[in-house]
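This briefing is for a reader who is new to the structure shown below.

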Amino acid sequence: MPDIAPVTPRDDLAGLDELVEVTGRIRSGIESVITGRPDLVHVTVAVLLAEGHLLLEDVPGVGKTTLAKALARTIDCHVGRIQFTPDLLPSDLTGVNIYRTQSHEFEFRPGPVFSNIVIGDEINRASPKTQSALLECMEEGQTTVDGTTHVLPSPFLVVATQNPVEMEGTYPLPEAQRDRFMARLTVGYPELDAELEMLDRQENDNPLAHLTPVTDGAGVARLARAARAVYASAAVKRYVLALVTGTRQHPGLRLGASPRTSLQLLRAAKAVAAMSGRDHVLPDDVQYLARPVLAHRLIISTESRLAGQRAESIVDAIVGRTPIPSLEPRERR
């Protein structure tokens with residue numbers, strides 16, 4: 001996370017003190033379960049504040065689902081869990097209309113997407129037809145069943161896990177689905193000391209069982225409004241656009257980042273700034289989020305793939321060569 005000392009919150013940015021305190025407690029709760037990976041937890045909470053969706057990708061057993069469950073348990077809200085399998089149908093996610101013979105009417109029975117936090121386990125094991133059922137939900141906060149549109153609860157966050165596409169029984173997420181996720185994180189293996197601490201903590205007990213909520217759905221919505229109020233100067237916005245445009249012009253990429261990426265990168269940067277106690281965004285916040293927000297949306301050219309390049313390394317190269325804007329005092333307010 002950016003190593004920048006927090007400043008005193010402005011009086012006209014209501015809720016920033018509460019945001020710092022509550023998100024600190026959420027992170028502490030998650031870190032009691034996911035040891036040794038503070039940046040992973042930091043970005044996860046930032047996506048929650050930025051009202052985005054999170055994709056966790058890695059091999060089985062490294063704690064993807066545990067991270068999602070730990071986040072859900074720190075918030076007193078309705079949580080839905082979906083285990084994606086090849087035979088899962090779209091109606092298993094969104095819900096279905098059931099005919100009641102007594103009343104001779106159809107009754108809508110909502111699916112697990114009608115939750116504040118939806119945990120989608122192994123999302124890329126389901127068919128593209130089922131994956132597409134989430135597109136409207138994630139972008140518009142609603143779902144349409146049999147011609148009737150149903151509004152989803154607010155806040156609404158999808159935390160999905162997926163296995164690497166090289167593993168058996170997986171379907172690659174299409175570009176439109178990946179673009180709906182604000183950030184993609186790789187959990188990775190913990191350091192030796194962190195894994196030893198995990199063994200000590202979980203030898204005789206499950207720390208998930210001891211997590212208690214520190215806020216509720218209404219509280220998260222209130223904190224999200226405070227994060228949106230964080231100031232982003234014109235120079236910072238131009239910096240965001242310079243990074244996104246750099247992906248569209250890079251010769252090693254077949255597909256660059258979309259305009260949705262610009263919006264989500266700025267929103268996530270505002271959330272990171274607010275969690276640091278600042279009422280304004282710095283270029284450091286944008287740089288910190290460049291990899292998790294940009295890399296999963298890019299499609300590498302065949303030549304770059306054969307040369308061993310990865311989307312993350314290309315993002316790093318774009319960040320390294322893009323000039324960092326200097327902020328005038330008036331732009332920092």
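**Helix packing and cores**

Helix 2 (residues 38-49) packs with helix 11 at an angle of about 115 degrees, and their axes are 8 Å apart. Helix 2 is therefore roughly perpendicular to helix 11. The model is a predicted one, and the points below are grouped by topic.

**Helix 2 and its partners**

- Helix 2 and helix 11 cross in a right-handed manner.
- On the helix 2 side of this pair, H42, V45, A46 and L49 take part, and they meet A271, V272 and M275 of helix 11.
- Helix 2 also packs with helix 1 (residues 16-31): the two axes come within 10 Å and cross at roughly 135 degrees. At that angle, helix 1 counts as oblique to helix 2.
- The crossing of helix 1 and helix 2 is right-handed.
- From helix 1, the residues L19, T23, I26, R27, I30 and E31 meet P38, V41, H42, V45 and L49 of helix 2.

**The nonpolar cores**

- The largest nonpolar core holds 76 residues, and L19, I30, L71, V281, V286 and L289 have the most contacts inside it.
- Helix 11 (residues 259-275) gives the most to this core, contributing 9 residues.
- Another core, of 22 residues, lies apart from the largest one, and its members include L55, I82, F108 and C137.
- Once neighbours within four places in sequence are set aside, L289 has contacts with V43, L265, A268, A269 and V272.

**Helix 12**

- Helix 12 (residues 283-294) has 12 residues, and the distance from its first C-alpha to its last is 15 Å, close to the 16 Å expected at 1.5 Å a residue.
- Because 9 of the 12 residues of helix 12 are buried, this helix is largely enclosed by the rest of the structure.
- The buried residues of helix 12 are P283, D285, V286, Y288, L289, A290, P292, V293 and L294.
- What do the buried residues of helix 12 pack against? Their partners are helix 2, strand 10 (183-186), helix 10, helix 11 and helix 14 (311-321).
- The axes of helix 12 and helix 14 cross at roughly 145 degrees and come within 9 Å.
- The crossing of helix 12 and helix 14 is right-handed. Q287, A290, R291 and L294 of helix 12 make the contact with E312, V315, D316 and V319 of helix 14.

**Helix 10**

- Helix 10 (residues 234-249) has 16 residues, which should span 22 Å at 1.5 Å a residue; its end C-alpha atoms are 22 Å apart, so the two values agree.
- Buried residues in helix 10 are A235, V236, Y239, V240, L243, V244, G246 and T247.

**The loop residue I324**

- I324 sits in the loop between helix 14 and helix 15 (329-332).
- Is I324 buried or exposed? With a relative accessible area of 54%, I324 is exposed, since the cut-off for exposed is over 50%.
- I324 and P283 are 41 residues apart along the chain, while their C-alpha atoms are separated by 6.8 Å.
- Leaving out residues up to four places away in sequence, I324 touches Y239, P283 and Q287.

Conventions: Residues are numbered from 1 along each chain as its sequence is written. This is a predicted model: local features need pLDDT of at least 70, side-chain atom pairs count only at pLDDT 80 or more; totals for chains, interfaces and linings use all residues. Side-chain values use heavy atoms; hydrogens and water are left out. A nonpolar core is a set of buried Ala, Val, Leu, Ile, Met, Phe, Trp, Tyr and Cys residues joined through side-chain atoms within 4.5 Å. Buried means under 20% relative accessible area, exposed over 50%, partly exposed in between (1.4 Å probe, protein chains only). Helices (H or I, at least four residues) and strands (E, at least two) are DSSP runs, numbered from the N terminus. Contact means heavy atoms within 4.5 Å. The expected span of a helix is 1.5 Å times one less than its number of residues. Axes are lines fitted to C-alpha atoms, for helices over the stretch in contact, and angles run from 0 to 180 degrees between N-to-C directions. Angles under 35 degrees count as roughly parallel, over 145 as roughly antiparallel, 65 to 115 as roughly perpendicular and the rest as oblique. A crossing is left-handed if the near helix is turned anticlockwise from the far one by less than a right angle, and right-handed if clockwise.
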